[in-house]
Amino acid sequence: DFIQAALPIGRLDMISQFARPIVCRFITEYMGIPGPDETTMMRWMRAVFHDTFLNLNNDEKVTITANNAAGEIKDYLDILIPQREQELINGAQLDDFLSRLIKLKITNTNPTITHDFIRRNVTGVLGGILDNITKAAFYTIKVMLKRPDIFNPAKDAAMTGDETRLLHLCLEALRFSDLSPFIRRHSQGATVAGTHIPKGAEVWAVVSSAIFDERGWENPYAV
């Protein structure tokens, strides 16, 4: 639908006109969480993501915005989850992600699955799904447009319905991107390759170096 709508214009914004709307549709149809509306859902998810992953300087304004968004998500889910549970009890045939979680609660398959458990887990997914997938989609296309050796077989795989091959090529495109060059963590206390890393030490795992390390991969630059 998005591509068809863009054809008369001749251009498509990968982020605002394609990736983000598709993620929102995924959340609605697969996860079963329609939200009040698409604009509100995007605002909630982007605010939480910004504070959780990008607010490295602990900007108070960013945190306040995220906390307000998280509060709105909580209020929304505290209404949606009991409503969906009642629909399922009344015989509604629903098989989305949220409904599956609620079914586990109804059947008491796992006593730890409560409304609070469901809300917290769904909120966690919402906090990371929009911008992570959007960013990954952008970098996949960016690399493919510069790499015919990835783009051409990916196009053929898409046209023939070879989803396994297409997934492999998309992941390879991400590997050649700078999507996540490093990961910042704090050590719990460990010894790695003979080097002791004390508890609390700041650790930077340089992923972009590791995935092209010829000591670990026979031909890391091949697709």
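Let me start with the surface: Ile3, Leu7 and Leu12 make a nonpolar patch of about 270 Å². A patch here takes residues with over 30% relative accessible area and no salt bridge, joining like charges within 9 Å and nonpolar side chains (Val, Leu, Ile, Met, Phe, Trp, Tyr) within 5 Å. Areas are Shrake-Rupley with a 1.4 Å probe, and for residues only the protein chains shown count as cover. A salt bridge is a Lys or Arg side-chain nitrogen within 4 Å of an Asp or Glu carboxyl oxygen.

This is a predicted model, where local features need pLDDT of at least 70 and side-chain atom pairs pLDDT 80 or more, while totals for chains, interfaces and linings use all residues. Residues are numbered from 1 along each chain as its sequence is written, and side-chain values use heavy atoms, without hydrogens and water.

Ile3 sits in helix H1, residues 2-6; helices are DSSP runs of H or I, at least four residues, and strands are E runs of at least two, numbered from the N terminus.

Next, two positive phi values. Asn58, in the loop between helix H3 (38-54) and helix H4 (60-89), has phi near 55°. Ala193, in the loop between strand S2 (190-192) and strand S3 (195-197), has phi of about 50°. Ala193 is exposed at 81% relative accessible area, exposed being over 50%, buried under 20%, and partly exposed in between.

Last, Thr140 in helix H6, residues 115-146. Thr140 is buried, at 9%. Beyond four places in sequence, Thr140 touches Cys170, Ala173 and Leu174, with contact meaning heavy atoms within 4.5 Å.

Key: Buried means under 20% relative accessible area, exposed over 50%, partly exposed in between (1.4 Å probe, protein chains only).
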